[in-house]
Number of protein chains: 2
Amino acid sequence: MDKKTIGIIGLGLMGGSFSLALQKTSDRYRFIGYDHNKSHCDEALKLNLVDSIATDLSEIKKCDIIILTIPVDGIIKVLQNLTDISSSTTIIDFGSTKEKICASIPPEIRSNFVAAHPMAGTEKFGPSAAIDDLYTNKVVVLCDIEQSGSLQKRVAIDIFEAIQMQIVFMGAKEHDRHAAYISHMPHALSYSLANAVMNQEQRDSIIALAGGGFKDMSRIAKSSPSMWEDIFRQNQTNLIEAIESFQKELKKCKKMVENQEWQELNEWMAQANKLHEIL
Amino acid sequence: MDKKTIGIIGLGLMGGSFSLALQKTSDRYRFIGYDHNKSHCDEALKLNLVDSIATDLSEIKKCDIIILTIPVDGIIKVLQNLTDISSSTTIIDFGSTKEKICASIPPEIRSNFVAAHPMAGTEKFGPSAAIDDLYTNKVVVLCDIEQSGSLQKRVAIDIFEAIQMQIVFMGAKEHDRHAAYISHMPHALSYSLANAVMNQEQRDSIIALAGGGFKDMSRIAKSSPSMWEDIFRQNQTNLIEAIESFQKELKKCKKMVENQEWQELNEWMAQANKLHEIL
C-alpha cells in the first residue's frame, strides 16, 4: 500500500509533536515538512519529525493531508495560496482562533478544510520542543464541521482519534468566545503578572522567593510574542470582554480586602474552589 | 542518646511533610502531634506523620522543638500560650506572613522563636496531602533572625539544611512585601480567574476546553479559604499594593489590544518573557 503523505507547514512544537504522535500509531504515513526557517527544517529532519523537506509549496500541495501549524495570521495567508489543490486533499489548521480563519478560506477549497484547535501546548517552541504525547487525552475542538467535505471530516476525525484526542464540535464564533476565557485571557494575566514583578525595584529579591504557585502562574508568560500577538489581534473583541470579566472579580477581591470584609472574602474564595469540582 | 522531641502543632500538608522529610534524614527525633481536628490526629498517626498525639498543649511545651504549621492567625494566638517554655526550646513557625507574627511574640520567648516561611506548598491540605519531598531544594526565608537566640538560630538552620532547603535571610517587613508579589497577589489572581469563568453562563462548555495553561493558572484557586483569608488579612497593605501593580499591567495590555497597538503589545510580551532568564 502506498503511504499517505502529510505535509506539515510549520515545524515547531505543534507540528513536530503531531508527527511524533502519529508515527507512534502507524508507519503508513510519509511526512513532508515546510518552514520559512531553514534551521528549523534542518532540526526537524535531524529529530525525525519529518521524512523530507519541501523546498517549494507546490510539493506540499500534492500531499493527501496538509497540516497548518503556524501562527494564526500565517494560516490566513497560506490558505490563499492553496486554492489549486485536489478535491480529495484535506487541510487541517491547528490555530488558537477560529472565526477569522474560517471566514478567510477561499470558497473553492472550503470543503477541503477542517478548522481544528487542539487544546494542548507548552510554553516552549521550535522543533526541539516537540514531544510525542503532547496531544494524548487532550481535547481538540473541530469548528463549523458542517462546512467541511464528508471525506475531509472523516480524515480529520480518524487522525485525531488515532492520536487519542477527545473531539468536541463547536461553532467558530462560540469557540473564540470560549477560548478567550479559557486560554487567551489567562495568557494576558500571566504576561501582566510577569511584567508587574519585573517592574519592581527589588525584582531579584522577589523572584528569589518564587515557589510553585508563582512558577505555574507565570509559566505561560514564556510563550512566543509573535504567536500571541496574532491571537490577541484575531480575537480582540472576545479577549477584551474576558479581561473585563476578570477585572471585575479582581476589583471585588481588592475591595473586600480594603474594606476588611473577611467573611465575604472567604465565601468568594470558597466559590472559586468549586471550579475544581467541574474541572 | 535520647531522641530529640519535636512537637508539631497543625497536622496538615506543611507539618506532615516536614515530619516525613526529617524522618528520611535521621531516626533521632520523636514527633508529637497536636491538632484541634480529632480526625486529623487519627489520620496523622495512621500515616506515621507523628509517633504520638498530645492531648494537652502542656505536652508540646516540653518538646525540644515546637513547629507551628497552622494558619497565620492561629500562630499568633498559640504563641501567647507558650510563654512558660524552657529557655532552650526552639519554636519555629511556618506562616506565609511574618510582620504581624514577629510583632506578636511575647518578649519573654522572643529568643526562643525563629520566624520561617518555607516557599513550598501544594493546593492540597490535610494530613493525607503530606509528601516527603515537599521542601527538597526549595527556599525557606528566615526573618529577623538577629532576634532569635544563638542556639535557636543554629537549631533552625540545621534542621532546614537537613531537609535540603536553601536558606534566605530577610527582615519580616521586606519578606511580607516580597511575598505579596510572589505568592499572595498571584493567589488573588487565581481565585479571580476561577470566579470569572464560574460566573459565565456557558461555564461548562468553557471549562470543557481547559488545557494545561488554564489548569496551571487556576490550580492555586483550590487553596483553603480559611488559610488564605488569614494571610490576606495579615498582609492587607502589601497585598493591595501588589494587586494595583498587576492591575496597571493588565490595563496597559487591554489598552494596547483596544487601540490595536500590536508592535507595543509584542514588545510588552517579550519583556514578560525575560522573567524566565532570571527565574
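Predicted model: local features only at pLDDT ≥ 70, side-chain atom pairs only at ≥ 80, totals over all residues.
Me: Start with chain A. How many helices and strands are there?
Reply: Chain A has 13 helices and eight strands.

Me: How compact is chain A?
Reply: As compact as a globular protein of that length, because its radius of gyration is 21 Å, close to the 19 Å that the globule rule gives for 279 residues. Along the principal axes, the C-alpha atoms fill a box of roughly 70 × 40 × 30 Å.

Me: What share of chain A is buried?
Reply: 60% of the 279 residues.

Me: And the contacts in chain A, what part of them join residues at least 24 apart?
Reply: 71%, counting contacts between residues at least 6 apart in sequence.

Me: What about the accessible surface of chain A?
Reply: The total is about 11,300 Å². Carbon and sulfur atoms account for 47% of that area.

Me: New topic. Where is A:Glu258?
Reply: In helix α11 of chain A, which covers residues 236–258.

Me: What does A:Glu258 touch?
Reply: Residues of chain B: B:Gln236, B:Ile240 and B:Glu244, leaving out anything up to four places away in sequence.

Me: How far is A:Glu258 from A:Ile60?
Reply: 60 Å between C-alpha atoms. Along the chain they are 198 residues apart.

Me: Over to the other chain. Which residues does B:His276 contact?
Reply: A:Ser218, A:Arg219, A:Ala221 and A:Lys222, setting aside neighbours within four places in sequence.

Me: Is B:His276 buried or exposed?
Reply: Buried, because its relative accessibility of 18% is under the 20% cut-off. B:His276 sits in helix α13 of chain B, residues 275–278.

Me: Now B:His187. Which helix?
Reply: Helix α7 of chain B, residues 172–198. B:His187 counts as buried at 8% relative accessibility.

Me: What is around B:His187?
Reply: B:Ile220, B:Ser223, B:Trp228 and B:Phe232 touch it, not counting residues up to four places away in sequence. A polar atom of the B:His187 side chain also lies 2.8 Å from the backbone oxygen of B:Ser183.

Me: On to B:Asp230. Where is it, and is it buried or exposed?
Reply: B:Asp230 is in helix α10 of chain B, residues 225–234. It is buried, with a relative accessible area of 8%.

Me: What polar partners does the B:Asp230 side chain have?
Reply: One is the side chain of B:Arg233, in a polar contact of 2.7 Å. Another is the backbone nitrogen of B:Asp73, at 3.2 Å from a polar atom of the B:Asp230 side chain.

Me: Backbone angles next. What is phi of B:Asp144?
Reply: About 45°, positive although B:Asp144 is not a glycine. Most residues other than glycine have a negative phi. B:Asp144 lies in the loop between β7 (139–143) and α6 (150–162) of chain B. It is buried, at 14% relative accessible area.

Me: And phi of B:Gln164?
Reply: Near 60°, again a positive value in a residue other than glycine. B:Gln164 is in the loop between α6 and β8 (166–170) of chain B. It counts as partly exposed at 48% relative accessibility.

How values were computed
Residues numbered from 1 in each chain as written. Chains lettered and ligands numbered in written order. Heavy atoms only, no water. Helix = DSSP H or I, 4+ residues; strand = E, 2+ residues; numbered from the N terminus. Buried < 20%, exposed > 50% of the residue type's maximum accessible area, 1.4 Å probe, protein only. Polar contact = N/O pair within 3.5 Å; in protein donor to acceptor, adjacent residues only side chain to side chain. Contact = heavy atoms within 4.5 Å. Rg over C-alpha atoms; globule rule 2.2 N^0.38 Å. Areas by Shrake-Rupley, 256 points an atom, 1.4 Å probe, with all protein chains shown as cover.
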